Amino acid sequence: MQTETFTYDDDIVRKFAGATMLWSVVAMLAGLFIALELAIPELNLAPWLTFGRLRPLHTNAAIFAFAGNAIFTAVYHSSQRLLKARMWNDTLGRVHFWGWQLIIVAAAVTLPLGYTQGKEYAELEWPIDLAVVVVWVVFALNFFGTVAKRRERHLYVAIWFYIATIVTVAILYIFNNLVVPVAPLKSYSIYAGVQDAFMQWWYGHNAVAFFLTTPFLGLMYYYLPKAAERPVFSYRLSILHFWSIVFIYIWAGPHHLHYTALPEWASTLGMLFSLMLWMPSWGGMINGLLTLRGAWNKVASEPVLKFFVVGVTFYGMSTFEGPMLSIKSVNALSHYTDWTIAHVHGGALGWNGFMAFGMLYWLAPRLYQRPLHSKKLAEIHFWLGTLGILFYIVPIYSAGVTQGLMWRAFDKTGYLAKPDFVETVLRLMPMYWLRAVGGLMYLAGACVGVFNMLMTWKARPSRYADEVHEAPALAPEYSGEMPEPMMPAHPDHSVLPIFYKLRYFLRVEWHRVWERRPLQFTIWVAVAVIVASLFEIIPTFLIRSNVPTIKTVKPYTPLELMGRDIYVAEGCYNCHSQMIRPIRAETMRYGEYSKPGEFVYDHPFQWGSRRIGPDLQRVGGKYPDLWHVRHMESPAGMAPTLVIPGYFEFLPDWLKPKTVMPAYPHLLTEPADFAGVQARVDGMAMLGVPYGDALKDAEGLARAQAKKIGANIVAAKGPSGLEDKKIVALIAYLQRLGTDIKKVPGADDGVTSDAAPSDGAAAGVKAEVGRP
């Protein structure tokens with residue numbers, strides 16, 4: 001048989017591996033800094049260093065910079081070996097690498113400056129989104145081009161997971177980030193309210209599935225057997241694991257929206273599929289751990305296997321906890337609390353982090369063609385990382401349960417036992433300090449790993465030796481038809497053909513045929529993802545009763561729209577929710593529960609997923625304008641003084657924490673963008689928001705409303721000259737929240753009446769729930 005000789009492109013693997021180590025430190029450093037900001041609010045030193053702006057930087061750095069580069073390291077290295085082919089085009093690989101790093105740098109610049117879409121894991125503005133799509137297409141072309149010219153007939157299981165990642169991430173990212181640009185770095189989502197929330201968590205949950213799970217499972221299926229020098233435990237189990245993950249995971253996103261304004265059928269469906277995910281996920285964990293059968297003795301001496309074993313174990317823990325948190329009764333307690341933060345970090349640090357570091361330690365001697373600088377340092381990295389994870393998640397799990405129980409606590413008379421939200425925050429301060437210690441330990445471990453890699457790289461030869469490989473020139477020929485199972489002739493036993501067909505199915509010979517057909521395989525992956533998505537998306541968008549309208553809910557005035565954009569830019573959604581669930585403790589604390597029709601003009605939705613501060617859905621009219629000025633200028637000065645026995649008694653009064661909210665004095669001095677408001681109103685009108693006179697003179701209307709608010713502040717003996725500042729626009733937005741509807745006394749169906757909106761909105765109109 002004719003053979004060809006070829007070499008692998010390991011230079012691109014070295015580039016991505018180096019970037020992975022670099023961004024691991026950056027991501028963990030950003031995480032440590034914002035963790036310390038919760039313990040020491042004074043660290044919010046400047047507008048671009050506030051928690052609200054830096055948290056998206058941390059999450060994007062951890063997901064797209066650290067985990068993303070680790071994914072590309074694994075794909076570029078393992079795919080060439082599994083396909084027995086050099087990457088299709090070396091130039092495309094370099095375009096991919098430098099394009100991805102430029103995207104990360106662009107995110108690192110724009111997010112602290114307040115340029116954000118305001119949607120978790122999808123904060124990047126539209127020019128950067130376009131760059132992400134272009135670079136992803138370049139990556140896909142290079143990958144599938146390599147598959148097309150492969151010399152290995154069958155696709156190994158790791159390749160299946162890479163295919164699912166590439167196809168599904170493209171679908172998710174494009175459809176969740178459809179926007180109308182209104183400025184070079186500002187856009188509005190084409191979806192609003194309930195539909196936007198659904199699309200966001202369809203994307204957000206499945207970004208975890210297909211960016212932080214499936215590619216790392218591909219990594220596991222290649223590097224764990226390599227490190228253990230054992231074959232994968234079960235081929236059949238890997239098939240069951242793969243197709244279950246691909247089809248079931250895509251349904252699960254709505255469980256993030258239990259008890260919200262999302263239709264109950266959607267969140268219930270998400271819960272059911274989340275529960276179904278538990279077993280196939282654990283099938284993957286078992287397949288990984290049992291691959292080590294007969295090699296457990298190596299775990300004691302090999303740091304690579306230590307990382308892999310703990311990483312796969314955290315995968316099992318996370319994929320058990322995720323379905324558990326999707327159960328409505330559990331979610332009622334855990335949602336908006338730090339429990340979710342602990343869950344996410346257990347998966348990110350334990351599963352993604354440890355699998356990435358284990359892979360890098362296995363690759364280092366092979367990429368740099370020298371022994372690892374120090375196995376002892378790798379051991380130190382492992383133990384620092386493991387202890388760091390435990391010091392992080394244990395106190396934060398405790399913080400989450402504490403939050404949930406305190407928010408729901410009632411006294412003997414039936415009133416809230418903890419009516420001051422800030423008391424909950426102060427109770428968590430010791431746990432925030434412990435979390436920071438855990439983050440510091442994990443960061444220290446990452447720094448040790450970077451040093452170890454750097455020293456290994458420094459010992460590299462002056463010129464890398466390119467190993468020459470040999471393989472058949474073409475994949476073996478195969479029939480284009482699906483072969484029938486071999487069956488003996490049994491004319492008197494009609495049941496036997498059925499038996500043999502069943503045996504053919506159970507022996508998964510049909511899947512071996514699919515593995516020879518990458519195009520067919522990819523199409524089936526796309527079909528599984530698209531069909532599952534459409535079953536949820538179509539009813540949510542087309543059945544009008546899912547989002548009954550409320551006639552008194554009017555569009556934001558131009559000034560309120562400006563204020564909403566400031567709210568988004570400052571990252572307030574990272575600490576505050578705007579969604580009151582129909583739970584007694586929440587309605588007593590915040591007011592009437594939220595209705596779907598209240599959010600029909602919210603592009604994007606701002607329901608939030610965490611409450612470091614109280615819910616703001618009904619904050620409109622609760623405080624005077626001057627209170628908001630003072631609160632934004634100095635939150636600690638406006639916070640109530642609480643005495644909590646046993647907490648911070650050793651500190652002098654001036655050092656005792658009162659709040660974790662940053663101060664925003666710059667809002668009192670920075671001018672509002674009145675000149676740009678017309679373009680923003682026009683953009684909203686393109687999305688179907690029914691603006692009337694505002695389409696003709698948005699700036700004039702905004703200035704008129706700002707002048708009234710400025711006069712109110714001066715009349716209350718507040719500072720003058722604020723009518724053209726950002727603070728006035730933000731106050732207009734905050735004073736509008738929740739004022740379009742009020743509960744009818746004695747009503748039992750949630751119908752509302754008598755709007756009381758801020759200046760510029762329609763008032764005094766009876767609210768009616770619109771039905772199709």
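This text walks through a predicted model, from the whole chain down to single side chains.

Local features are described only at pLDDT of at least 70, and side-chain atom pairs count only at pLDDT 80 or more, while totals for chains, interfaces and linings use all residues. Residues are numbered from 1 along each chain as its sequence is written, and side-chain values use heavy atoms, with hydrogens and water left out.

Start with confidence. pLDDT is the predictor's confidence in each residue, from 0 to 100. The protein chain averages 90, and 89% of the residues score at least 70. Two stretches need care. Over residues 477-493 the pLDDT stays under 50, and the model has 24 contacts there beyond four places in sequence. Residues 743-772 are also below 50, with 64 contacts beyond near neighbours in sequence. A contact means heavy atoms within 4.5 Å. Where pLDDT is low, the predicted coordinates should not be read in detail.

Now the overall fold. The protein chain has 26 helices and eight strands. These are DSSP runs numbered from the N terminus: helices are H or I over at least four residues, strands are E over at least two. Of the 772 residues, 60% count as buried. Buried means under 20% relative accessible area, exposed over 50%, and partly exposed in between (1.4 Å probe, protein chains only). Among contacts with a separation of 6 or more, 82% join residues 24 or more positions apart.

Next, look at helix α19, residues 518-542. Its 25 residues should span 36 Å at 1.5 Å a residue, and its end C-alpha atoms are 35 Å apart, which agrees. The expected span is 1.5 Å times one less than the number of residues. α19 bends by about 30 degrees at Leu 534. That bend is the angle between axes fitted to the seven residues ending there and the seven starting there. Its buried residues include Phe 521, Val 525, Val 529 and Ile 537. The buried residues of α19 pack against several helices, among them α4 (126-148), α5 (157-176) and α9 (264-290).

In α5, 17 of the 20 residues are buried, so the helix is largely enclosed by the rest of the structure.

What about the cysteines? A search of the whole structure finds zero disulfides. A disulfide is a pair of cysteine sulfur atoms within 2.5 Å. Cys 575 is buried, at 14% relative accessibility. The closest cysteine sulfur to its own is in Cys 572, at 7.8 Å, too far for a bond. Cys 447 is partly exposed, with a relative accessible area of 36%.

Glu 670 is in the loop between α23 (635-638) and α24 (677-686). Glu 670 is partly exposed, at 27% relative accessible area. Setting aside residues up to four places away in sequence, Glu 670 touches Lys 725 and Lys 726. The C-alpha atoms of Glu 670 and Ile 727 are separated by 8.3 Å, though 57 residues apart along the chain.

Thr 739 is in the loop between α26 (726-736) and β6 (742-743). Thr 739 is buried, with a relative accessible area of 6%. Its side chain reaches the backbone oxygen of Arg 736 at 2.7 Å.

Conventions: A polar contact is a pair of N or O atoms within 3.5 Å; within protein, one must be able to donate a hydrogen and the other to accept it, and residues adjacent in sequence count only if both atoms are side-chain atoms.
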